[in-house]
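Work through the exercises below with the model in view. Each task is followed by a solution in steps.

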Amino acid sequence: MRALLIEDDPMIAAAIEVALRDAAYAVDLVRDGETADRVLRDGQHQIVLLDIGLPGRDGLSVLQRLRERGDRVPVLLITARDAAADRVRGLDLGADDYVVKPFDMDELLARMRAVVRRQSGQAAAELGNGDVRLDPATREARRGDLRVVLTAREFALLHALLLRPGTILTRAQLEDRLYGWNEEVESSAVDFLIHGVRRKLGADVIKNVRGAGWMVDKAR
Amino acid sequence: MTRSFQRRLVLHLGVAVVGLGLLAAAAQFVLAWRELRESQDDMLRQVAALALRHPGHEMSAPGRGGLDDHDSRIHLAMLPIDPAPAWLGSAMTPGLRTLDTRAGRMRVLVQRQGPYTAVVAQATDARDELAWNGALRALLPSLLLVPLLIGLIGRGVRREFEPVVRAARRLEALETVPEPSLELRDMPAEIQPFVDAIEGLLGRTRELMRQQQRFVADAAHELRSPLTALALQARNLRHAKSLDEARLRLMPLEQGIERARKLSEQLLDLARIESADAPRESVDLVALGRELLAMHFPVAEQSGIDLGMEAGDVPSVLSSARLLRTILGNAIDNALKYTPAGGEVTLRIVALGDGARCEIIDSGPGVEPSERAEAFKPFHRLAGQEIGGTGLGLAIAREAARRIGAQISLHDRADRRKGLVVRVDLPGVRAIGVNES
């Protein structure tokens with residue numbers, strides 16, 4: 001899953017970036033509202049972490065523009081201002097949730113999972129298609145009697161597929177969700193990860209559609 | 001005891017009223033006394049005249065007359081019908097006089113008419129008592145008036161001071177400096193300027209408090225950012241999967257700690273500018289500049305910045321070395337932070353009139369003219385900067401400059417190259433005993 005982090009404090013941004021990578025997110029970072037506005041138009045990200053207090057264009061106005069364009073990407077506000085008015089305004093403008101600095105990273109990650117889950121219309125914490133189940137909190141995958149913990153990237157791959165079971169994702173789409181801007185992607189990286197997941201959970205867990213891409217079975 | 005204006009006013013007026021009242025009373029007493037004396041003499045004359053008109057009338061009979069009345073104690077003897085009183089002696093010449101007799105001091109009137117001589121006498125102590133009582137009665141109204149006047153003065157003065165006392169109570173009851181003006185109305189005109197001054201002071205205090213509150217809020221906000229970073233960095237370190245990764249993640253944590261340290265230090269600096277005393281001393285600016293350059297040189301060298309100095313023949317100034325070090329040090333700090341590698345930072349010191357001008361010239365991105373005023377506000381950071389400063393450097397420099405009466409301002413470079421000039425103009429007070437030679 002690819003996240004866009006919009007945060008002006010370089011130190012906080014770097015720390016969040018590391019933590020998100022640890023949690024199997026691909027992360028892109030921007031430092032100001034104008035750039036954020038531009039990047040968000042590309043729609044490459046599945047979740048947005050938005051700091052309200054930004055230099056140049058204010059975070060709330062970035063959010064407003066985003067929702068005015070009809071973009072429904074989940075947005076989590078990060079704010080150091082504990083003024084409730086800002087948060088109320090942010091939520092009213094279409095933010096999905098918020099955390100207040102100083103926040104607990106585990107809480108932020110849990111809220112991110114919850115927001116993504118709600119958006120994909122699932123109530124349960126786990127993702128699944130009836131064949132394989134995936135717990136985003138622990139990165140544990142289960143299939144029949146099999147229980148394995150996936151690596152960050154393997155998890156991200158299976159997670160991307162399980163968010164829309166029965167839908168084919170191309171190599172480019174998968175790469176998009178798995179890697180940030182400044183990450184070097186080898187051409188065989190996706191194959192390598194799919195091999196890893198199949199080895200752990202069984203070859204038929206991910207189906208290959210020749211010339212099109214990969215998918216998991218639609219929920220039964 | 002405090003000097004109560006009200007009490008003194010009452011005292012002054014009271015003393016005047018009592019003094020004048022007593023004076024008037026004394027005059028009244030003397031006049032009344034004289035008047036009564038004369039009317040008493042008149043009465044003796046009337047008695048004598050009456051007796052002489054009806055000699056032999058029972059009024060004149062000794063020991064029977066209503067005249068021998070107890071209070072006024074008037075004695076009448078009609079010679080030769082009555083025997084001459086023994087105390088009269090030879091003083092038989094007509095007229096009014098006071099005699100000392102065996103029976104006491106007497107006021108005696110001797111009057112002749114035909115064969116008769118009327119002797120009318122009245123004991124002086126009786127006369128005195130009557131006159132005294134009469135005079136006192138005349139005195140009574142003015143004596144009663146004095147306390148009444150004092151009471152009225154006291155009430156009047158109190159009433160005039162009431163708005164002041166009320167205002168004082170209201171001020172005393174205030175917990176904080178209220179938002180709108182106090183609206184102290186109905187004040188005596190003499191006190192109005194004082195009231196206006198207090199209102200002005202409260203207004204300034206209010207503004208200062210607002211600034212302080214904003215600063216504290218900003219400071220709390222700014223303290224939270226490094227703490228947030230530290231918490232995240234520590235967590236990242238805990239989640240490191242190898243020793244190498246841990247080492248890699250330790251670095252930002254250390255930087256985070258350094259940032260928090262720097263911030264708390266600068267907050268303390270800012271507090272110290274106000275609280276600590278800054279004695280005026282003779283400061284050799286060029287020597288101070290050299291000291292500052294030496295201090296910042298390692299950072300400049302590390303960042304690949306050419307740090308140097310241009311100094312003319314600059315006299316010593318009378319100022320605070322500590323605060324000057326704070327001002328110039330923060331400006332150099334900033335210049336080094338914003339100047340890219342390969343750039344240059346120059347400290348320029350020249351004489352300016354009686355004072356001196358210090359300029360810190362860098363080859364950084366500069367500051368837009370519209371942003372220059374904002375740049376001095378605490379925690380202000382320039383938009384689009386990657387540099388993680390505290391945003392306090394220039395605010396500290398400006399506070400310190402204000403304390404020593406120096407002017408600090410931002411300018412474009414004179415040579416039109418990209419960069420910023422931080423100019424510090426020191427007032428023209430030269431150190432005593434130091435001259436240009």
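A residue counts as buried if 20 or more other C-beta atoms lie within 10 Å of its own. The model used here is predicted.

**Exercise 1. State what percentage of chain A is buried, and describe the make-up of the chain.**

Step 1. Apply the cut-off to the 220 residues of chain A: 41% count as buried.

Step 2. List the secondary structure: chain A has 8 helices and 11 strands.

Step 3. Take the contacts in chain A with a separation of 6 or more; residues 24 or more positions apart make up 60% of them.

**Exercise 2. Give the strand order of the open sheet of 5 strands in chain B, and name its edges.**

Step 1. Follow the pairing across the sheet: the order is β6-β8-β9-β11-β10 (chain B), and the pairing is mixed.

Step 2. Pick out the strands that pair on one side only: β6 (306-311) and β10 (407-411) of chain B are the edge strands.

Step 3. Examine one pair. Strands β9 (residues 355-362) and β11 (residues 421-426) of chain B run antiparallel and are joined by 6 bridges. In one place B:Ala356 has B:Leu426 of β11(B) as its bridge partner.

Step 4. Place the helix that packs on this sheet: α6 (residues 321-338) of chain B touches β8 (344-352), β9, β10 and β11 of chain B. The direction of α6(B) makes about 20 degrees with that of β9(B).

**Exercise 3. Describe how helices α5 and α6 of chain B pack.**

Step 1. Begin with the geometry: α5 (residues 285-302) of chain B and α6(B) pack at an angle of about 30 degrees, and their axes are 10 Å apart.

Step 2. Assign the hand of the crossing of α5(B) and α6(B): right-handed.

Step 3. Identify residues in the contact. Those of α5(B) include B:Leu288, B:Leu292 and B:Val299, while those of α6(B) include B:Leu324, B:Leu328 and B:Ile332.

Step 4. Classify the residues of the contact of α5(B) with α6(B): 9 nonpolar, 2 polar and 1 charged.

Key: Residues are numbered from 1 along each chain as its sequence is written. Chains are lettered from A and ligands numbered from 1 in the order in which they are written. This is a predicted model: local features need pLDDT of at least 70, side-chain atom pairs count only at pLDDT 80 or more; totals for chains, interfaces and linings use all residues. Two strands pair if DSSP finds at least two bridges between them. Helices (H or I, at least four residues) and strands (E, at least two) are DSSP runs, numbered from the N terminus. Two residues are in contact if their C-beta atoms, placed from the backbone, lie within 7 Å. Axes are lines fitted to C-alpha atoms, for helices over the stretch in contact, and angles run from 0 to 180 degrees between N-to-C directions. A crossing is left-handed if the near helix is turned anticlockwise from the far one by less than a right angle, and right-handed if clockwise. Ala, Val, Leu, Ile, Met, Phe, Trp, Tyr, Cys and Pro count as nonpolar, Asp, Glu, Lys and Arg as charged, and the others, Gly among them, as polar. A residue is buried if 20 or more other C-beta atoms lie within 10 Å of its own, exposed if 12 or fewer, and partly exposed in between; C-beta atoms are placed from the backbone.
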